[in-house]
Amino acid sequence: MTSRETAPDHEKTSRFGRTLFATLKQVISENWYWRRQVWNLAKIDLVKTYRGAALGKVWLFAKPAVYILVFWVSLEFGLRSSSSINGKPFLLWLAAGVFPWFFMSDMINTGSDVYRRYPYLVNRIKFPLSLISTFYTLSLLIIFTCMMAFTIVVALLTGVHLGRYMLQLPLVMVFMFIFWLAWSMALSPLSAISRDFSNLLKTLGTPFFWLSGILFDIGGWPRTARLVASFNPVTWVVQSVRDCFIYNKWFFTDWESFLPFLLVLLIFVVLALHNYHRLYMEVPDVL
């Protein structure tokens, strides 16, 4: 094959790379310029969620607490399969998996179709679409941060020793934020254009929940099954949070799970930039 034949392919690849880089700069610039509005919209979204409720912010913890309590009672007294894990209470192990799931469940169901949630912002000419995914993900991250703080307090009050591995929890949350922001930006334009695609994504909640090790330890799985599960971002998040609370290890030392997560993260970042560049002008017309 001559250089003339390969030149167009190199040119296309180079053009694709330049487009992605330009879109990345655009998204970062938009989010930085509108950073105050992003923060304010995230807070407003939280207020709207619990507006009119007498107990207000108590509902941030009520639903997850009931969820965990039901599973704990079922496993403890029904299946009699719960026991302490790595010297930590099973209830703490369960909370370290269920609390992250509430964040990720909302991102799977609503974050992947966020433009339909805020059509009035989509149709504003001067409002960048990338900000919608950002402030929605940020509002959920604020709730998740409160849940983690609550979990830490309860663990300390019950005499559980939390070691230096808790220092990595903010880094895990940063990776969570980046991945699910990319998820939202990659899939929301497609969901806005096709309701069938949106409905398909909403069916992923159940398999993600039951195949991600939220209610069971995947450490006992065969190595091939664990390797496949490591490409599931929900599994990585749950395991990494439990590394902080339960297993007492640095998440980045487990390369068999961390590298597949980074690969999936890179794929979704590329998809997010590509879809945003190709479709952000069409979304307002569709909605």
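Reader: Why does Cys244 count as buried?

Author: This is a predicted model, and every value here is computed from it. Buried means under 20% relative accessible area. Cys244 has 1% relative accessibility, so Cys244 counts as buried.

Reader: What makes Cys146 partly exposed?

Author: The class lies between the cut-offs of 20% and 50%. Cys146 has a relative accessible area of 30%, and is therefore partly exposed.

Reader: How many disulfides does the count come to?

Author: A pair of cysteine sulfur atoms has to lie within 2.5 Å. By this rule the count is 0 disulfides.

Reader: Is Asn232 buried or exposed, and how do you know?

Author: The cut-off for buried is under 20%. Asn232 has a relative accessible area of 11%, so Asn232 is buried. Its place is the loop between helix 11 (223–229) and helix 12 (233–247). Leaving out residues up to four places away in sequence, Asn232 touches Phe208, Leu211 and Ser212.

Reader: What share of the chain is buried?

Author: Of the 287 residues in the chain, 46% are buried.

Reader: Which secondary structure does the chain have?

Author: The chain has 14 helices and 0 strands.

Reader: Why is helix 4 called roughly parallel to helix 8?

Author: Helix 4 (residues 90–109) packs against helix 8 (residues 169–193) at an angle of about 15 degrees, and the axes are 9 Å apart. Angles under 35 degrees count as roughly parallel, so helix 4 is roughly parallel to helix 8. The crossing of helix 4 and helix 8 is right-handed.

Reader: Which residues make that contact?

Author: Helix 4 contributes Phe103, Met104, Met107 and Ile108, while helix 8 contributes Met176, Trp180, Trp183 and Ser184. By class, the contact of helix 4 with helix 8 has 7 nonpolar residues, 1 polar residue and no charged residues.

Note on methods:
Residues are numbered from 1 along each chain as its sequence is written. This is a predicted model: local features need pLDDT of at least 70, side-chain atom pairs count only at pLDDT 80 or more; totals for chains, interfaces and linings use all residues. Side-chain values use heavy atoms; hydrogens and water are left out. Axes are lines fitted to C-alpha atoms, for helices over the stretch in contact, and angles run from 0 to 180 degrees between N-to-C directions. Helices (H or I, at least four residues) and strands (E, at least two) are DSSP runs, numbered from the N terminus. Angles under 35 degrees count as roughly parallel, over 145 as roughly antiparallel, 65 to 115 as roughly perpendicular and the rest as oblique. A crossing is left-handed if the near helix is turned anticlockwise from the far one by less than a right angle, and right-handed if clockwise. Contact means heavy atoms within 4.5 Å. Ala, Val, Leu, Ile, Met, Phe, Trp, Tyr, Cys and Pro count as nonpolar, Asp, Glu, Lys and Arg as charged, and the others, Gly among them, as polar. Buried means under 20% relative accessible area, exposed over 50%, partly exposed in between (1.4 Å probe, protein chains only).
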